[in-house]
Amino acid sequence: MAETSKSPFVVVANRLPVDRDTGDDAAQWRASPGGLVTALEPVLRQHDGIWVGWPGSALDDYGQFEVDGLKLLPIELSSDEIENYYEGMSNGTLWPLYHDVVAKPAFHREWWDAYEQVNRRFAEAAAHSAAPDAVVWVHDYQLQLVPAMLRELRPDMRIGFFLHIPFPPTELFKQLPWRNQILEGLLGADLVGFQRPGGAANFARLVRLRLGHKNHRDRIVLDNGREVCARAYPISIDFASLEKLARTPGVRQRADEIRAELGGTRKIFLGVDRLDYTKGIRQRLRAFGELIVDGLIDVDDAVFVQVASPSRERVQQYVEVRHDIERWVGRINGDLGRIGRQPIHYLHSSYPREEMAALFQAADVMVVTPFADGMNLVAKEYVTCRYGNDGALVLSEFAGAADELKQAFLVNPHDINGMREAMLAAMRADPHDLSRRMRAMRKQVRENDIDSWAKNFLSDLAGRELASA
Ligand code: F6P
């Protein structure tokens with residue numbers, strides 16, 4: 001293994017925070033997709049640590065390197081491993097299983113073998129790049145075996161694990177042929193963090209039922225007497241830096257331009273998601289289309305902008321959901337649009353932070369309606385960008401963010417009529433009511449930002465005797 005500098009703080013996540021741009025200039029790096037990176041990048045900067053992860057495409061050299069002041073250690077994945085570990089076990093089995101089986105999970109033994117093999121490679125690289133007594137923070141469902149592998153390799157280290165997606169109830173988790181191995185993998189950590197208290201409780205229950213380990217509140221006692229703590233740490237965003245960006249003249253001007261381009265006075269509904277079947281994109285567009293058909297919204301008065309960033313494009317279920325959404329967009333625009341007045345602007349693309357901040361500022365109603373979601377940081381980003389205390393958030397009660405953003409217009413995304421009502425209520429709400437709601441939500445995100453999330457997790461991890469909550 002190539003020589004790397006040893007760090008006292010190591011983040012291990014499936015992806016590096018940057019992907020190699022496969023466009024014209026191969027030397028370019030761009031931010032990786034998803035909320036995990038948005039949340040963790042400032043944490044790594046603050047702790048001057050090293051990030052171990054997959055760069056998203058093949059590199060010539062797999063040694064440690066730096067991008068924009070971040071120390072990165074790339075992990076190589078072969079095309080078979082991408083197919084079996086990433087697209088297969090991670091996104092064809094665990095992702096749908098952990099998201100309430102919104103899509104049917106597939107169970108394949110060769111996917112599991114690749115998952116084990118790749119988890120071991122990550123564990124070895126992390127063990128190699130960590131200084132004595134280092135703190136290692138492992139992230140997400142792709143790497144659930146890493147904590148136990150790391151403990152075996154480096155018992156001196158303090159090991160934390162955080163699951164960014166929901167942890168499923170016992171009845172669903174039990175379907176997994178490798179359920180005990182996953183539980184044992186996670187138990188290699190000193191502290192296992194979840195987005196919601198329900199996830200931590202599901203985990204403790206499963207460990208008791210399947211492995212016979214007793215738990216005392218949030219502490220699980222293993223046979224050798226070692227204790228593992230399982231607790232909720234709702235993730236957040238860097239409120240201060242995003243709000244600062246939203247206030248810059250360039251972003252404000254761009255928000256004005258977006259408004260003008262969309263018709264000046266039209267109310268703007270906005271959806272921003274990775275293109276994923278858990279996000280409920282088609283259902284929310286359908287609800288919007290029905291409001292137009294029923295004459296409750298006029299295309300002269302409102303428009304829906306849906307940003308759907310490309311994701312996991314070779315996984316069959318993602319191919320299908322894209323076709324499904326695009327069929328609906330075409331149908332709604334074809335049936336209900338007029339020249340110069342499209343009901344839906346559908347953008348299958350990712351945008352830089354500045355453009356997103358401008359979109360959040362331009363939007364009157366943000367619509368976040370996943371069927372299941374660990375947290376959903378887009379909801380928190382919208383609230384952060386609304387420094388004028390205006391704008392409305394329609395939010396699924398099945399997103400982790402609903403625990404905190406209680407003043408949103410909460411909806412059940414399976415209930416199309418309920419979504420129609422909430423979208424209409426949000427559009428027509430009295431500005432005083434919106435301001436009251438937005439103030440409360442902004443306070444919540446400001447006071448519980450990414451810094452406090454990381455501090456809470458890392459200080460609990462640092463204290464060997466994890467104080468009972
Ligand atoms: O937050 C869930 C998550 O799967 C992260 O682990 C990941 O970084 C992000 O979504 C994007 O997914 P992917 O890496 O599969 O593109």
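**Figure 1. The largest cavity of the predicted model holds about 30 Å³ of space.** A search of the whole structure finds 1 cavity of 30 Å³ or more. Its lining includes Gly-391, Ala-392 and Leu-393. Gln-407, Ala-408 and Phe-409 also line this cavity. Leu-434, Arg-437, Met-438 and Met-441 complete the list. Rolling a probe the size of a water molecule over the atoms shows where empty space is left.

**Figure 2. The shell around the ligand.** Arg-15, Pro-33, Gly-34 and Leu-36 are among the residues around the ligand. By class, the shell has 6 nonpolar, 2 polar and 4 charged residues.

Figure 3. Arg-15 places a polar side-chain atom 2.5 Å from an oxygen atom of the ligand. For Asp-140, a polar side-chain atom lies 2.5 Å from a ligand oxygen atom. In the side chain of Arg-312, an N or O atom is 2.8 Å from an oxygen atom of the ligand. The ligand taken alone exposes 380 Å². The protein buries 93% of that area.

**Figure 4. Confidence along the protein, with a view of residues 465-469.** The average pLDDT of the protein is 94. A score of at least 70 is reached by 97% of the residues. Over residues 465-469, the pLDDT is below 50. Beyond near neighbours in sequence, this stretch has 15 contacts in the model. Where pLDDT is low, the predicted coordinates should not be read in detail.

Note on methods: Residues numbered from 1 in each chain as written. Predicted model: local features only at pLDDT ≥ 70, side-chain atom pairs only at ≥ 80, totals over all residues. Heavy atoms only, no water. Near = heavy atom within 4 Å. Polar contact = N/O pair within 3.5 Å; in protein donor to acceptor, adjacent residues only side chain to side chain. Areas by Shrake-Rupley, 256 points an atom, 1.4 Å probe, with all protein chains shown as cover. Nonpolar A, V, L, I, M, F, W, Y, C, P; charged D, E, K, R; others polar. pLDDT = per-residue confidence, 0-100. Contact = heavy atoms within 4.5 Å. 1 Å grid on protein atoms, 1.4 Å probe; cavity = no way out; pocket = protein on both sides within 12 Å on 5 of 7 lines; lining within 4 Å. Points joined across faces, edges and corners; volume = space filled by probe spheres on them.
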